[in-house]
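Subject: Handover of a structure for your review

Dear colleague,

Please find below the structure that I am passing on to you. My notes on it follow directly after.

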Amino acid sequence: MTTTFATRAGARGWLGLSVLCLATLLLAVDNTVLMLALPHLAADLHPSGTELLWITDVYGFMIAGFIITMGSLGDRIGRRRLMVIGAAAFGAASVVAAFSTTTTMLIAARVLLGLAGAAMGPSALALVAGLFPDAKRRAMAIGVFTACFMGGAAGGPVIGGILLESFWWGSVFLMGVPVMALVVAGGLFLLPETATDAGPARIDLVSVAMSLAAVLPVVYGLKELADDPAQISAYVTLAVGLVFCVAFVRRQGRLAEPLLDLRLFSGRSFTGALLILAVAMVVQGGVYLFVSQQLQLVEGLSPLAAGLWMAVPALGLVAGSLASPVLAGKLRPGLVVGWGLVLSAAGFAVVLVGDGLGALIAGVTVAFLGMAPVGALGLGLIVGAAPPERAGSASALAESSGELGIALGIALLGSLGAAVYGGAVTSPQAGGSLNEALEAAAGLPSSPAAALVAEAQAAFAQGLMAVTAAGGLLALGLAVVSMTLLRHLRPIGEENR
């Protein structure tokens, strides 16, 4: 039997939202908390360089590779069911990760964590949309949901730092167990089931394999390009992934029950919001990379102190996510997103003309505040534009576009910054990055070392400015796109009057 959502969200709906926010909060924390724990677990497990990369990256690879499949699966078997299964699996895998005694065991646990995260992500967003059929309440709920994700991403390094001060590295994984126990219990009692009778529960396994063959090489290739833009193998990997992307899309067009329904892209609101979200994540990914490096490698801050400073722009995203639905209830969403992106460009301008740590953080905070409507309203537009029986697939597309956007931003804007750095340094010891220059300086006498560091830091600052300028230009371009493609949308809730 299929259970439909109530037409009005009462207290139970908001309690259900709190369960889903708890889940996304932990997923966001888990994305960032591992970075601080890496030195501690490396000292205990002694992984090789390759194994350390797998420990770091396999979680994101699994999410990126399986999120479309999981979104479609949730549409078929029920999003609550998949959400609860994913939460239980995430809690169990967290225990395995926390008490891993070998690198192989930890990598396997991270694989399971990624699969569970892929199951939970689109299910949670689709459930949020379904809990609130009223457009205004749905927009506010998605704004709160987005704010929790941003807050979790900001809090990850801080929480990790606090835990590692008192406990062993496994504690950063173990904190997920009680949270997921609450999500499982709350999901069973507070969330309605959403299985539809629109199609068979059977998933086309060929499409699943093709989606993996498309997404994983693209994500891996982008990551390799971010590390070294001259790698020929990275371009080959990207090309292979793009070939499979084309093959996957063609197969979906021929299937009666596709893994990805291409008809979703026929709506201007859906396609426009998806495009704006992906490009905005390009900007955020690239800027975040360079600002975090600036704080640690130039300002000399510890990872925990850098995390605390980076929490300030993240709080701008949280505030903007909560305010955006209110503004979109009075103004057209396309204008809210568009003028927010203009504000974002102004924030990047502050970074360009300002000086010092205060100007950097203030400018990035304003920039991220201006980008908040993209996520808070864009996710609602994407899910709201899809038929209810395809909400899981639409949610998966929204989340995968964000993941790919961040990877693309790190690769493209990272390459831009690296190119500017390479053109600005004159010493051969400066290498291709500030990290390389600092390593070279550590083996030099004090005077030449100081000169090398000063040159490298000045070159890195030029790279940061180039990335910031590119971010500002992209934000202005997206503002135009938003005011063009989304101009037909009325203020949220107005259509219900």
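Is W54 buried, partly exposed or exposed? W54 counts as partly exposed, at 43% relative accessibility; buried means under 20% relative accessible area, exposed over 50%, and partly exposed in between, with a 1.4 Å probe and protein chains only. Before I continue, please note that this is a predicted model, in which local features need pLDDT of at least 70 and side-chain atom pairs count only at pLDDT 80 or more, while totals for chains, interfaces and linings use all residues. Residues are numbered from 1 along each chain as its sequence is written, and side-chain values use heavy atoms, with hydrogens and water left out.

Overall architecture

The protein chain contains 16 helices and zero strands; these are DSSP runs numbered from the N terminus, with helices being H or I of at least four residues and strands E of at least two. Its radius of gyration is 22 Å, close to the 23 Å that the globule rule gives for 497 residues, so the chain is as compact as a globular protein of that length. That radius is taken over C-alpha atoms, and the rule is 2.2 Å times the number of residues to the power 0.38. Along the principal axes, the C-alpha atoms fill a box of roughly 75 × 50 × 45 Å.

Of the 497 residues, 53% count as buried. Among contacts (heavy atoms within 4.5 Å) with a separation of 6 or more, 82% are between residues 24 or more positions apart.

Surface and charge

The protein chain exposes about 20100 Å², and carbon and sulfur atoms supply 70% of this area. The areas come from the Shrake-Rupley method with a 1.4 Å probe; for residues, only the protein chains shown count as cover. There are 23 positive and 25 negative side chains, and the centres of the two sets lie 19 Å apart. Lys and Arg count as positive and Asp and Glu as negative, without His and the chain ends; each charge is placed at NZ of Lys, CZ of Arg, CG of Asp or CD of Glu.

Nonpolar cores

A nonpolar core is a set of buried Ala, Val, Leu, Ile, Met, Phe, Trp, Tyr and Cys residues joined through side-chain atoms within 4.5 Å. The largest one has 127 residues, of which L20, F90, F173 and Y421 touch the most other members. Apart from it lies another core of seven residues, including V218, A234, L238 and A411.

Individual residues

W54 is found in helix 2. Not counting residues up to four places away in sequence, W54 touches F61 and I107.

H46 sits in the loop between helix 1 (11-45) and helix 2 (49-77). H46 has a positive phi of about 55° although it is not a glycine, and it is exposed, with a relative accessible area of 62%.

F348 lies in helix 12 (residues 333-353) and counts as buried at 1% relative accessibility. Leaving aside neighbours within four places in sequence, the contacts of F348 include V283, V287, G363 and T468.

S482 belongs to helix 16 (residues 446-485) and is buried, with a relative accessible area of 0%. Beyond residues up to four places away in sequence, S482 touches I276, G334, V337, G338 and R487. S482 and L262 are 220 residues apart in sequence and 22 Å apart in space, C-alpha to C-alpha.

With kind regards
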